[in-house]
Amino acid sequence: MKQQQPRRWLLELTFKTVKYFLLALAGCTIAYIMAFILEYWLITEVIVIVVEHLLLRASVLIGCLAAIAIIIESIRY
């Protein structure tokens, strides 16, 4: 009989968060490049402001979440 592995919900949450963060970062990059090429300066400025404020803080929070998940998984085993 196969033994069931304990559920690692924090690690799964961290992986999903990192995945969607990187997708959002890629989306912002593509939108910035397209707006820059098409010379929509207002959109480029808005994207720069969003990246500077929201994504920078989100990256710090995701880094903290990853560190907590790594520490908890290390303590567990």
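Colleague: At what angle do helix 1 and helix 2 pack, and how far apart are their axes?
Modeller: In this predicted model, the two elements concerned are helix 1, which covers residues 9-37, and helix 2, which covers residues 41-76. The helices pack with their axes 10 Å apart, and the angle between helix 1 and helix 2 is about 165 degrees.

Colleague: Are helix 1 and helix 2 roughly parallel or roughly antiparallel to each other?
Modeller: The packing angle of helix 1 and helix 2 is about 165 degrees. Angles over 145 degrees count as roughly antiparallel, and therefore the relation of helix 1 to helix 2 is roughly antiparallel.

Colleague: Is the crossing of helix 1 and helix 2 left-handed or right-handed?
Modeller: The crossing in question is that of two helices whose axes lie 10 Å apart. For helix 1 and helix 2, the hand of the crossing is left-handed.

Colleague: How many nonpolar, polar and charged residues does the contact of helix 1 with helix 2 have?
Modeller: The contact belongs to the left-handed crossing of helix 1 and helix 2. Sorted by class, the residues in the contact of helix 1 with helix 2 come to 23 nonpolar, 4 polar and 1 charged.

Colleague: What is the C-alpha separation of Ser59 and Val18?
Modeller: Ser59 is a residue of helix 2, and with a relative accessible area of 29% it is partly exposed. Along the chain Ser59 and Val18 are 41 residues apart, whereas the separation of their C-alpha atoms is 8.8 Å.

Colleague: How far apart in space are Ala24 and Leu55, C-alpha to C-alpha?
Modeller: Ala24 has its place in helix 1 and is partly exposed, its relative accessible area being 35%. In sequence Ala24 and Leu55 are 31 residues apart, while in space, C-alpha to C-alpha, the value is 8.8 Å.

Colleague: Which residue forms a salt bridge with Arg8?
Modeller: The count for this model comes to 1 salt bridge. Its closest N and O atoms are 3.4 Å apart, and the residue that Arg8 pairs with is Glu73.

Colleague: How many residues apart are Arg8 and Glu73, and which parts of the chain does the pair link?
Modeller: Arg8 is partly exposed at a relative accessible area of 31%, whereas Glu73 counts as buried at 13% relative accessibility. The pair links distant parts of the chain, namely the segment before helix 1, where Arg8 lies, and helix 2, where Glu73 lies, at a spacing of 65 residues.

Colleague: What kind of aromatic pair do Tyr32 and Phe36 form?
Modeller: A search of the whole structure finds 2 aromatic pairs. For Tyr32 and Phe36 the centres are 6.2 Å apart and the planes 20 degrees apart. Because planes under 30 degrees apart count as stacked, this pair of Tyr32 and Phe36 is stacked.

Colleague: How many residues apart do Tyr32 and Phe36 lie in helix 1?
Modeller: Tyr32 is partly exposed, with a relative accessible area of 31%, and Phe36 is partly exposed as well, at 46% relative accessibility. Both residues lie in helix 1, about one turn of the helix apart, which corresponds to a spacing of 4 residues.

Colleague: Which residue forms an edge-to-face pair with Phe36?
Modeller: Phe36 counts as partly exposed at 46% relative accessibility. In its edge-to-face pair the distance is 5.6 Å centre to centre and the planes are 80 degrees apart, and the other member is Trp41.

Colleague: Which residues form one aromatic cluster?
Modeller: Phe36 pairs with Tyr32 in a stacked arrangement, and Phe36 pairs with Trp41 in an edge-to-face arrangement. Trp41 is partly exposed, with a relative accessible area of 46%. The one cluster is formed by Tyr32, Phe36 and Trp41.

Colleague: Where does Glu39, a residue with positive phi, lie?
Modeller: Phi of Glu39 is near 60 degrees, a positive value in a residue other than glycine. Glu39 is exposed, with a relative accessible area of 54%, and its place is the loop between helix 1 and helix 2.

Technical notes
Residues are numbered from 1 along each chain as its sequence is written. This is a predicted model: local features need pLDDT of at least 70, side-chain atom pairs count only at pLDDT 80 or more; totals for chains, interfaces and linings use all residues. Side-chain values use heavy atoms; hydrogens and water are left out. Rings of Phe, Tyr and Trp (its six-membered ring) pair if their centres lie within 6.5 Å; planes under 30 degrees apart count as stacked, over 60 as edge-to-face and the rest as tilted. Buried means under 20% relative accessible area, exposed over 50%, partly exposed in between (1.4 Å probe, protein chains only). A salt bridge is a side-chain nitrogen of Lys or Arg within 4 Å of a carboxyl oxygen of Asp or Glu. Axes are lines fitted to C-alpha atoms, for helices over the stretch in contact, and angles run from 0 to 180 degrees between N-to-C directions. Angles under 35 degrees count as roughly parallel, over 145 as roughly antiparallel, 65 to 115 as roughly perpendicular and the rest as oblique. A crossing is left-handed if the near helix is turned anticlockwise from the far one by less than a right angle, and right-handed if clockwise. Ala, Val, Leu, Ile, Met, Phe, Trp, Tyr, Cys and Pro count as nonpolar, Asp, Glu, Lys and Arg as charged, and the others, Gly among them, as polar.
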